[in-house]
Amino acid sequence: MKDIELSLRMKTVADMVNAGGRVCDIGCDHAFVSIYLVANGISDRVIASDVRTGPCAIAKENIDKWGYGDRIDLRLGDGLSTVKSGEVDSIIIAGMGGMLMTDILDSGMDVVEQAKQIVLQPQSEIEHVRRYVYGHGWTIVDERMLVDAGKYYVVMNIDVTHADAEEWRNKSEISDIYYKYGYALMNRHDKVLGEYLHGKKESLKAIVSGLRKSDTENAARRAAELEYELDCIDKALEYI
């Protein structure tokens, strides 16, 4: 049978999963990632979970088509409520906003604390997610930034088994930059991150220029916020 095809974004997510463990894919949609994990020998046991009945019905069809019904357990429910504590080693949450992701992790902390790895691909609020991870004493062991269908995405590989002791977290001048743009990405001198920051810099400069033409207090405050971000971008580009 032909290998299942994933988008670059979802393939990056799937390939970050630790091999040999039990996996849950929260918000599995049509279960393509779950099928990929089994088909490529990354995991023998996967829980594919989604809160929506429509995608779950299609996921069941896909799982049955590939003949993996005995290895992929499809469950209908909200977040990690479908998973028991100690049932999985790796947790995947992809394609959601960062705030929703951290809410899901908070609500299922009993499952998270018994796992070894979380793979996250937040669609927004990426800085919030990084601060949340380090705030819980976990380690972002790797990050990947990619462009898929013209959009930038970040995928995080998080180790939840031990605390992170990175010295930069106690240095306010640089910690904001690492929270904003990713310690692993910056220290790898990631080219995609560099391209993203150059583009964002030009966009923000245009916005600030327009705000500075306004006399309102709100415009001045927003311009100051964006100028701080521009300063962070310049410092990040120096490291890259």
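Q: What should I know about the numbering and the model before I start?
A: Residues count from 1 along each chain as its sequence is written. The model is predicted, so to speak of local features pLDDT must be at least 70, side-chain atom pairs count only at pLDDT 80 or more, and totals for chains, interfaces and linings use all residues, while side-chain values use heavy atoms, leaving out hydrogens and water.

Q: In what order do the seven strands lie in the sheet?
A: Strands are DSSP runs of E, at least two residues, and helices are runs of H or I, at least four, numbered from the N terminus. Two strands pair if DSSP finds at least two bridges between them. Here the order is 3-2-1-4-5-7-6, in an open sheet with mixed pairing.

Q: Why is one side of strand 3 and of strand 6 left without a neighbour?
A: Strand 3 (72-76) and strand 6 (139-148) stand at the edges with a single partner strand each, so one side of each has no neighbour in the sheet.

Q: Which strands pair with strand 1?
A: Strand 1 (residues 23-26) pairs with strand 4 (residues 90-97) in the parallel sense over four bridges, with V23 opposite S90 and D25 opposite I92. Strand 2 also pairs with strand 1 in the parallel sense, over four bridges, and there S49 is the bridge partner of I26.
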